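Me: I am new to this structure. Can we go through it in short steps?

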Amino acid sequence: MNRMELIAPCHFGLEAVLKREILDLGYEIARVEDGRVTFYGDAAAVCYANIFLRTAERILWKVGSFSAVTFEELFEGTKGLPWEDYIPKNGKFWVAKAASVKSRLFSPSDIQSIMKKAMVRRLEEHYHLERFPEDGAPYPVRVFLMKDEVTVGIDTSGVSLHKRGYREVSGKAPITETLAAALIMLTPWRKDRILVDPFCGSGTFPIEAAMMAADMAPGMNRSFTAEKWTHLIPKKLWYDAAEEAQDRIRDDIQVDIQGYDTDRSVIKIARRNAREAGVGHLIHFQERDVRELSHPKKYGFVITNPPYGERLEDKAALPELYQAFGKSFRKLDSWSAYMITSYEEAEKYFGRKADKNRKIYNGMLKTYFYQFQGPKPPGRGKNADMR
């Protein structure tokens, strides 16, 4: 198992960002599909991908794939996979999630039940057991069916990778950490540029930006399911990855990252989250209305997740809110603004058509990432600000 395939699911529409991250870690891409990137790696890659990737939702160790249009084919295909190479005789195993798109087998509960029976049958024959204690390490299995092609992987992460460990409490309508990181990566923002989030809520955009600026690995303060798979991944590999993550931190840097919100209690939560993430000293949070959005310096960035008005009673306030946002932003004549929202009249009330507009699914919610680009600072090289 020196060379394996690893599957990294991500938000739909952000596959290119994750692909770039994986390449930057030094791994070879196998393929890019809607909502996931598959790459080649070794046991150490499981550790490094979980600890260092900012935009992946989890890391799956691919067990195999096969075609199935009947439940009998699903059973036989699952039974044919080498489960004994992964799961010891006391392992706890189950099909944690099944997803089906454009396939004749579409019932998640039936898929999960049949695959579990097939895994049991295979392991019974290999270990010569009639019952499994399942009191050892966990091996949660995830399966995707796409056009009758079944792809099976074991989840090495456990809790989703957007759970960095710093955000126990969130404000209203929080954006996930992985999505926030991906959206920042879609902008030309770098740590030597100003960043302001005027609707910061629990602080996710400023915190993720500060972690990037300090080169702080997103997974360094949490645990992973695969840490217990010592027969597959030696403990030393986890220690090496964690040690490298610690060595790379540069939290003595000078940055200008700010977060505003009108809710004092939410600002307290944002400050607490930033402290938990280890970047509280790098971010200035304050209780402030978007109408007071201003900054004395030029060429800064606004990156934000304004209210969407998902509830009917909130929608009435959105025109005035987006108008105020647009009016304040126009005073920052050399700045760029990036906002993610599902509000369909965002551009109308913001008062400007976006230079670029990217459709992104935030869970099941269709949103748009509007990009209002300002001028590049003078004296920068041709490649300094890739847009």
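Me: Which elements do the buried residues of H3 pack against?
Reply: The model is predicted. Helix H3 covers residues 71–79, and its buried residues are Leu74, Phe75, Gly77, Thr78 and Lys79. They pack against strand E4 (60–67), helix H4 (108–127) and strand E7 (149–155).

Me: Is H3 roughly parallel or oblique to H4?
Reply: Two packed helices are described by the angle between their axes and the distance between the axes. For H3 and H4, the axes are 8 Å apart and the angle is about 40°. Angles under 35 degrees would count as roughly parallel. The angle of about 40° therefore makes H3, relative to H4, oblique.

Me: Is the crossing of H3 and H4 left-handed or right-handed?
Reply: The two helices pack at about 40°. Their crossing is right-handed.

Me: How do the residues of the contact of H3 with H4 divide into nonpolar, polar and charged?
Reply: H3 brings Phe71, Leu74, Phe75, Thr78 and Lys79 to the contact. From H4, the residues include Ile111, Ile114, Met115, Arg121 and Arg122. The division is 8 nonpolar, 1 polar and 6 charged.

Me: How many disulfides does the structure hold?
Reply: A disulfide is a covalent bond between the sulfur atoms of two cysteines. Here a pair of cysteine sulfur atoms must lie within 2.5 Å to count. The number of disulfides in the structure is 0.

Me: Is Cys10 buried or exposed?
Reply: Buried means under 20% relative accessible area. The value for Cys10 is 7%, so Cys10 is buried. Cys200, at 5%, also counts as buried. For Cys10, then, the word is buried.

Me: Is Arg275 buried or exposed?
Reply: Arg275 sits in helix H8. Exposed means over 50% relative accessible area. At 56%, Arg275 therefore counts as exposed.

Me: What separates the C-alpha atoms of Arg275 and Tyr166?
Reply: Along the chain, Arg275 and Tyr166 are 109 residues apart.

Me: How far apart in space are Arg271 and Tyr239, C-alpha to C-alpha?
Reply: Arg271 is found in helix H8, residues 264–277. In sequence, Arg271 and Tyr239 are 32 residues apart. In space, C-alpha to C-alpha, the distance is 30 Å.

Me: Which residues is Arg271 in contact with, leaving aside its neighbours within four places in sequence?
Reply: Arg271 is partly exposed, with a relative accessible area of 35%. With the neighbours within four places in sequence left aside, its contacts are Phe285 and Gln286.

Notes. Residues are numbered from 1 along each chain as its sequence is written. This is a predicted model: local features need pLDDT of at least 70, side-chain atom pairs count only at pLDDT 80 or more; totals for chains, interfaces and linings use all residues. Side-chain values use heavy atoms; hydrogens and water are left out. Buried means under 20% relative accessible area, exposed over 50%, partly exposed in between (1.4 Å probe, protein chains only). Helices (H or I, at least four residues) and strands (E, at least two) are DSSP runs, numbered from the N terminus. Contact means heavy atoms within 4.5 Å. Axes are lines fitted to C-alpha atoms, for helices over the stretch in contact, and angles run from 0 to 180 degrees between N-to-C directions. Angles under 35 degrees count as roughly parallel, over 145 as roughly antiparallel, 65 to 115 as roughly perpendicular and the rest as oblique. A crossing is left-handed if the near helix is turned anticlockwise from the far one by less than a right angle, and right-handed if clockwise. Ala, Val, Leu, Ile, Met, Phe, Trp, Tyr, Cys and Pro count as nonpolar, Asp, Glu, Lys and Arg as charged, and the others, Gly among them, as polar.
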